[in-house]
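Subject: Structure handover

Hi,

Here is the structure for your set. My notes follow below it.

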Amino acid sequence: MIYDIRLSISHRYAHPAGNGRHLVRVLPRMFHDRHRVTAQLVEVLPEPTQRQDRIDFFGNQVTSITHVQPHDAMTIRMACRVEMAPVKPCWDVSPAVETLRHQVAGIRDLAPTSPVHFLGPSYRLSPTPEITQFARDNSSPQDTVAQNVIRLGSALHSTMTFDPDATTVDTDPAEAFQQRRGVCQDLSHIMILALQSLGIPAGYVSGYLRTLPPEGGVRLAGVDAMHAWVQAWCGHSHGWIEYDPTNATLVGTDHIVVGYGRDYSDVSPVIGHLRSSGDQVNTQSVDVACVD
């Protein structure tokens, strides 16, 4: 399967802004066995005074930009083509959760993919009694780690209502869980906290999701959005699995990874600062189109 992905993020300022420094993470990752980026372009307008493309600690592609001169808008555009590999069959060889805890306790590896980085807490994630109790109520010590990941993600999907007006990018997971409403970022953060409370290493995945129009409807360009889901470590023999609690499904060929991190702050599409005054208006459009 081949996808063409286009993204546009625009910031318009009430008054000219200067001394802007931003990190941009919008390009899909390159995998040797999952998906391959065959063409890519990241364009920033106005042209940055300085620009550097690099790989961060977790292996995500990052574009660092600096604007010195005043400007009243900034637009980030990304276009790429991604070739997806078929999903490989996966047998559950993960241990029980108690066995996993012993495995984690013996890990001394600090490489980017090491589970020790994903046991929390992190910048946006602090344990809460309510989410911990939810995890205990929806897990079973007799089941494998992978079974518990799926069970917990499915329960969270049933508990939460998707509501883009209920939360903002800065909403605390505890608040979203209390009102039982939120978006993919909220569900992913809650699921990470729930898994970590059981001793299961879990992290945040940012990416793109192919969406389909309603039956009989017409596909509209630009109405897709960046998406988020969860990765969980299921032991030495099984490794990492990824689960999408917003859609209650294991991740497949419709999910294109941009970045891995501990929470949203590690993989946010645009983060930075500038000098300005007044309000700003932000807009975003994403198009994920299948071309084969």
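Which residues of helix 3 are buried? They are Val145, Ala146, Asn148, Val149, Leu152, Gly153, Ala155 and Leu156. Buried means under 20% relative accessible area, exposed means over 50%, and partly exposed is in between (1.4 Å probe, protein chains only).

Some ground rules. This is a predicted model: local features need pLDDT of at least 70, side-chain atom pairs count only at pLDDT 80 or more, and totals for chains, interfaces and linings use all residues. Residues are numbered from 1 along each chain as its sequence is written, and side-chain values use heavy atoms, with hydrogens and water left out.

Helix 3
Helix 3 covers residues 145–159, 15 residues in total. Helices (H or I, at least four residues) and strands (E, at least two) are DSSP runs, numbered from the N terminus. From first C-alpha to last, helix 3 reaches 21 Å, close to the 21 Å expected at 1.5 Å a residue. The expected span is 1.5 Å times one less than the number of residues. The cover over its buried residues includes helix 1 (97–105), helix 2 (129–137), helix 4 (173–179) and helix 5 (184–197). Strand 9 (226–233) and strand 10 (240–244) are also among the covering elements.

Domains
The chain splits into domain 1 (2–85 + 268–290) and domain 2 (97–265). These bounds come from an automatic or database domain assignment. The domain centres, taken over C-alpha atoms, are 24 Å apart. In contact (heavy atoms within 4.5 Å) are 27 residues of domain 1 and 31 residues of domain 2. The area buried between the domains is about 2,300 Å², with 58% from carbon and sulfur atoms. Buried area is the accessible area (1.4 Å probe) that two parts lose on being put together, summed over both. Arg34, Phe58 and Val288 supply 25% of the area that domain 1 buries against domain 2, more than any other three residues.

Salt bridges
A salt bridge is a side-chain nitrogen of Lys or Arg within 4 Å of a carboxyl oxygen of Asp or Glu. The whole structure has twelve. One salt bridge is counted between domain 1 and domain 2. Arg34 and Glu242 also pair through their side chains, at 2.8 Å, N to O.

Glu83 and Arg36 form another salt bridge, at 2.7 Å, N to O. Glu83 is in strand 5 and Arg36 in strand 2 (residues 35–45), 47 residues apart. Glu83 is partly exposed at 29% relative accessibility, and Arg36 is partly exposed at 44%.

Arg77 pairs with Glu43, the closest N and O atoms being 3.7 Å apart. Arg77 lies in strand 5 and Glu43 in strand 2, 34 residues apart.

Asp163 pairs with Arg181, with closest N and O atoms 2.9 Å apart. Asp163 lies in the loop between strand 6 (161–162) and helix 4, and Arg181 in strand 7 (residues 181–182), so the pair ties together parts 18 residues apart in sequence. Asp163 counts as buried at 16% relative accessibility, whereas Arg181 is partly exposed at 34%.

Ser114 sits in the loop between helix 1 and helix 2. Ser114 is buried, with a relative accessible area of 2%. Its side chain reaches the backbone oxygen of Asp109 at 2.6 Å. Beyond neighbours within four places in sequence, Ser114 is in contact with Ile107, Asp109 and Trp240.

Best wishes

Technical notes:
A polar contact is a pair of N or O atoms within 3.5 Å; within protein, one must be able to donate a hydrogen and the other to accept it, and residues adjacent in sequence count only if both atoms are side-chain atoms.
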